[in-house]
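Subject: Structure handover

Hello,

Here is the structure for your files. My notes on what was found in it follow below.

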Amino acid sequence: MRAGLMIAVALAIALLVFAPIAAIRDVEADLSGRSQGALRGQGIDWAAVAMDGRTVVLSGEAPDEAESARAATLVAGLRGVAGVVSAVEVAPARDYPLMAAMHDGALTLRGEVPDQDALDALSALAHSLPRVEDVALELTIAGGTALPDWRDIALQLVEQGAQLVDGTAALTADGIVLEGLVADAATRDSIGAAFADREGRPASVTLELLQPQDYALAISRAPDRLTLTGVVPDRTTRAELADLAQRQGTAVVDTAGLTIAPGLADPEWAVVAAALIRQAAGMQEAEIRYSAAGLTVSGTVADPALADVVRSALASVLGPDAGVPVEIDIAVLGGAPVAATPDDAIDADACQAALNGLVRDGSVRFVNGGATLDPASTALLETVASTMLRCPDNDIEVSGHTDSSGDAAENLALSEARARAVVDALVARGVAADRLIAAGYGDLVPIADNATEAGRARNRRIEFIVEPGER
């Protein structure tokens, strides 16, 4: 009996001693878990949590003083926390790796920045530079504190990197590195001078001047497709040739095969390339190859009268002093209309059918979206005029049409001006002025969907309507 009583007393004493210890451990575990959860929920992954009763002890390396204070404030506000002791160390100020890469007119920024303000400043500068056509931002906000001159260097990297034709300007652990191609010696020297006096930051500048290159262009013309492939010197030239091809009125235009190799082209290269595109678009089929080795052309036209016109135009493209071989083989498409003469009369239905065929196989084109006839339409207008001379007793309406882009009133005026320009060109080729009626319909009579580029190209057209009765 006495022994049992002693055991009971001992158990009671043990409960009085150890129960509070267990309760404290439960509280510490709860506070620790909630503190860590709150920190992680706010993206504070650098902080470690330890407990001293209800006091939270924070440690780790904060990116800056503000983040250290934010962590302490966050934990101190949790229910049940009696206090916060900070053993946090703050990371020292540092550089952030950054690269400005210039290629094909596009500037790409890659690397790390300390904060949103720095990212916004770099972005604003990149978008303001005149030589930059596109900007891509691949920047990560890493937090922390930048060295005092980091921002100035970062902005200068972007500004000087945009002067490159192709290349990179980078801030690395080893210093500043610039390499690539520049347009001239003055640009090379100014870029080098911009980083020459950076104390404690070695600069490695390896810049080469653009060198003359031979560029090649291949043009393939099918009845419903115009395809350009080859190598061009820069983004501007590629865009100009692609835009010209799109304006030739062909249903499908493919310029994906035009690639860029930075270099110096002959000043006349783009002019010749543009002239060849126009001539190819006026043919039924064509294969054209143009390079430093010479010019070769093969293809077909719809009318014998066009063959000599196209041969002459192509032969004159390079000029008499080109000094390279020119081979031109133009055939007449079988069954196409023959050269018209006033004695070779046809009735109104046949005249309409012939004119329909001509504008179906080739369109009358205008320069820069205006009402000035494109020289590439010369051959087509010659054939249109000769066809009209075969039906001299019929009046003919020249109808101008546009797509639905832009203002309707402006489209109407443009279509009328284009119709008048075609009438004037036909009169100059011998068609009686009193037989021709210029009419503009703007965008009122579409023949294709204006929602697509191909449809809009078809809607921009000149049509010829032969009046059925004789004059």
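**Overview**

The secondary structure of the protein chain amounts to 12 helices and 18 strands, where helices (H or I, at least four residues) and strands (E, at least two) are DSSP runs, numbered from the N terminus. This is a predicted model, in which local features need pLDDT of at least 70, side-chain atom pairs count only at pLDDT 80 or more, and totals for chains, interfaces and linings use all residues. Residues are numbered from 1 along each chain as its sequence is written, and side-chain values use heavy atoms, with hydrogens and water left out.

Of the 471 residues in the protein chain, 39% count as buried (under 20% relative accessible area; exposed is over 50%, partly exposed in between, with a 1.4 Å probe and protein chains only). Among contacts (heavy atoms within 4.5 Å) between residues at least 6 apart in sequence, 70% join residues at least 24 apart.

Strand S4 (residues 98-103) pairs with strand S5 (residues 106-113) in the antiparallel sense, over 6 bridges; two strands pair if DSSP finds at least two bridges between them. Ala101 is opposite Thr108 in S5. The two strands S4 and S5 form a hairpin with 2 residues between them, and Asp104 in the turn has a positive phi of about 55°. S4 is also joined to strand S7 (residues 166-172) by 5 bridges, again antiparallel. There, Ala100 has Ala169 of S7 as its bridge partner.

An open sheet of 3 strands has the order S17-S16-S18, with mixed pairing. Its edge strands, S17 (436-440) and S18 (461-466), each pair on one side only. From one strand to the next, the twist averages 20°. Axes here are lines fitted to C-alpha atoms, for helices over the stretch in contact, and angles run from 0 to 180 degrees between N-to-C directions.

Strand S16 (residues 396-401) runs antiparallel to S18, with 6 bridges joining them; Ser399 has Glu463 in S18 as its bridge partner. Helix H11 (residues 408-428) packs on the sheet and touches S16, S17 and S18, its direction making about 160° with that of S17.

**Helix pairs**

Helix H10 (residues 378-388) packs against H11 at an angle of about 70°, with the axes 9 Å apart. H10 and H11 are therefore roughly perpendicular to each other (65 to 115 degrees; under 35 counts as roughly parallel, over 145 as roughly antiparallel, and the rest as oblique). The contact is made by Leu381, Val384, Ala385 and Met388 of H10 and Val422, Ala425 and Leu426 of H11. By class, that contact of H10 with H11 has 7 nonpolar, no polar and no charged residues. Ala, Val, Leu, Ile, Met, Phe, Trp, Tyr, Cys and Pro count as nonpolar, Asp, Glu, Lys and Arg as charged, and the others, Gly among them, as polar.

Helix H3 (residues 116-128) and helix H4 (residues 150-161) pack at about 25°, with their axes 9 Å apart. H3 is thus roughly parallel to H4. Among the residues in contact are Asp117 and Leu122 of H3 and Trp150 and Arg151 of H4. The contact of H3 with H4 has 9 nonpolar, no polar and 3 charged residues.

**Arg79**

Arg79 lies in the loop between helix H2 (65-76) and strand S3 (83-90). Arg79 is exposed, with a relative accessible area of 65%. Not counting residues up to four places away in sequence, Arg79 touches Leu31 and Arg34. The C-alpha atoms of Arg79 and Ser35, 44 residues apart along the chain, are separated by 9.9 Å.

Regards
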